[in-house]
Amino acid sequence: MEKKIAVIKGDGIGPDVVEQAMAVLDKVCEKHGHKFVYTEVLAGGASLDKFGVPLTDETVKVCKASDAVLLGAMGGPKWDTLPGNLRPEAGLLSIRNQLGLFANLRPAVMYQELSGACPLKESVTGTEGLDFVVVRELTGGAYFGKRDTGSDENGMWAYDTMFYTENEIRRIVKVGFELAMKRDKRLTSVDKANVLDSSRLWRKVTLEVAKDYPEVKLNHLYVDNCAMQLVINPRQFDVIVTENLFGDIISDESSMITGSIGMLPSASMGGTSFGMYEPIHGSAPDIAGQDKANPIATILSVAMMLRLSFGLDAEAAEIEAAVKKVLEEGYRTGDIMSEGKTQVGTKEMGSLIRDRI
Ligand code: NAD
Ligand code: IPM
Ligand code: MN
């Protein structure tokens, strides 16, 4: 199989982890005779430094002409004082939007071997590991609503609007139901319907969509309660569907529950096989370029790419099995390190995984 992959290494640890993920893809190609043609393009801080903007039309064009996009992370202290529309993160939001990637799938899987890295007690997490998915709406809500800043007699003011249309809600909630149908048929819709109009609309639409999925057991949680439930009983969750900002927060919380933010992959989809694949973590400027970052989230993201964009289920499973094997053998990057295990750097972790494919 021949596929075109646009690669945005990004900032901070982005290049560290993406290079390992690409090497894993190369190993898969070598073993199975596929050909992946990479086109490296810039976005975020790297694009700002070169072109003065966080995203160029050329980068979007290359992504659109590809079968999938692999992305590291964007942002860093160097660009933190720029106005909002010029920050690297604005490039990330714009590319998600321009590519129509409204559904962000963030599987939170705790490998049994990593139960020691989870800050929760084993009586809470259980011994079999955890496995749930956060479906995060990605192109609406407060990230994309009307916003402004100004000043008056009270000093400066600023606002962001959490805006949703019925259609935007329906299409993402459907993704949640469809995914639940393929899993344990339990869907938790997370909102703040006791306060926000956009959440009341969310709940109304969710109840309508639920009629098409009578087999799925649906429940609703307010986001504050969900944050708490994740800590006291994470095993209750199968699929969580929620709006953009709530999903951002809940997924970082989920990552720690499963061991580390360095473990969680993601796929951003727009209703076709085209997708953008990235770890949920950021550019981690504190450890950038030091061979310390955990590349597993990005490596698992390319497994998602193989499965969701290319239909290469067996190859994806091979990558996931190799990750599990390396963890079973006791290798750990610093973020998941525990007593008696062998600490390795980014590059060695990547090569250990490749060797097991
Ligand atoms: P972060 O995820 O970059 O880092 C949070 C903490 O987790 C840090 O201590 C970091 O060292 C650690 N960490 C993150 N990824 C790791 C990995 N793979 N291995 C080991 N440790 C890891 O979040 P932050 O510090 O809030 O943000 C830093 C920058 O990244 C900001 O500019 C932010 O806007 C940006 N960011 C980008 C993305 C993205 O591009 N998708 C996501 C989140 C944050
Ligand atoms: C993420 C990040 C981004 C988001 C930022 C960097 C724009 O936190 O991918 O989770 O909030 O979506
Ligand atoms: Mn985030």
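Author: One term to begin with: a residue is buried if 20 or more other C-beta atoms lie within 10 Å of its own, exposed if 12 or fewer, and partly exposed in between, with C-beta atoms placed from the backbone. Helices (H or I, at least four residues) and strands (E, at least two) are DSSP runs, numbered from the N terminus. By that count E3 is mostly covered, with six of its six residues buried.

Reader: What kind of model is this, and how is the numbering done?

Author: This is a predicted model, in which local features need pLDDT of at least 70, side-chain atom pairs count only at pLDDT 80 or more, and totals for chains, interfaces and linings use all residues. Residues are numbered from 1 along each chain as its sequence is written, while chains are lettered from A and ligands numbered from 1 in the order in which they are written.

Reader: Ok, back to E3. Which strands does E3 pair with in the parallel sense?

Author: Two strands pair if DSSP finds at least two bridges between them. Strand E1 (residues 2-10) pairs with E3 in the parallel sense over five bridges, and E12 pairs with E3 in the parallel sense over three bridges. Ala-68 in E3 is the bridge partner of Ile-5, and Tyr-277 in E12 is the bridge partner of Leu-70.

Reader: What holds paired strands together in general?

Author: Strands of a sheet pair through backbone hydrogen bonds, either parallel or antiparallel.

Reader: What is the strand order in the open sheet?

Author: The open sheet has ten strands in the order E2-E1-E3-E12-E11-E4-E5-E10-E8-E9, and its pairing is mixed. Strand E2 (35-40) and strand E9 (217-222) are at the edges with a single partner strand each, so one side of each has no neighbour in the sheet. From one strand to the next the twist averages 25 degrees; axes are lines fitted to C-alpha atoms, for helices over the stretch in contact, and angles run from 0 to 180 degrees between N-to-C directions.

Reader: How does E9 pair with E8?

Author: Strand E8 (residues 186-191) and E9 pair in the parallel sense over six bridges. Asp-191 stands opposite Tyr-222 in E9.

Reader: Switching to helices. Which strands does H10 lie across?

Author: Helix H10 (residues 296-308) lies across strand E3 (68-73), strand E11 (267-269) and strand E12 (275-277), and runs at about 160 degrees to E12. Eleven of the 13 residues of H10 are buried, so the rest of the structure largely encloses it. Those buried residues pack against H1, E3, E11, E12, H11 and H12, where contact means that the C-beta atoms of two residues, placed from the backbone, lie within 7 Å.

Reader: And H11, how far apart are its ends?

Author: The end C-alpha atoms of helix H11 (residues 313-328) are 22 Å apart, which agrees with the 22 Å that its 16 residues should span at 1.5 Å a residue. The expected span is 1.5 Å times one less than the number of residues. Buried residues in H11 include Glu-315, Ala-316 and Leu-327. Their cover includes helix H1 (14-32), H10, strand E13 (331-332) and helix H12 (346-355). Just after H11, Gly-330 has a positive phi of about 95 degrees.

Reader: Which residues have a positive phi although they are not glycines?

Author: Among them are Lys-185 and Asp-291, each at about 60 degrees. Lys-185 is in the loop between helix H6 (166-182) and E8, and it counts as partly exposed, with 15 C-beta neighbours inside 10 Å. Asp-291 is in the loop between E12 and H10, and with 14 such neighbours inside 10 Å it also counts as partly exposed.

Reader: Where is Asn-294, and is Asn-294 buried or exposed?

Author: Asn-294 is in the loop between E12 and H10. Asn-294 is buried, with 30 other C-beta atoms within 10 Å. Leaving out residues up to four places away in sequence, Asn-294 touches Ser-260, Gly-262, Met-263, Thr-333, Asp-335, Ile-336 and Met-349.

Reader: Last topic, the ligands. How many residues surround ligand 1?

Author: 22 residues surround ligand 1, and the closest are Gly-75, Gly-262, His-281, Gly-282 and Asn-294. A residue counts as near a molecule or strand if its C-beta atom, placed from the backbone, lies within 6 Å of it.

Reader: Which residues are around ligand 2?

Author: Around ligand 2 are Gly-75, Glu-89, Leu-92, Leu-93, Asp-248, Ile-280 and Gly-282. Helix H4 (residues 88-98) gives the most to that shell, with three residues.
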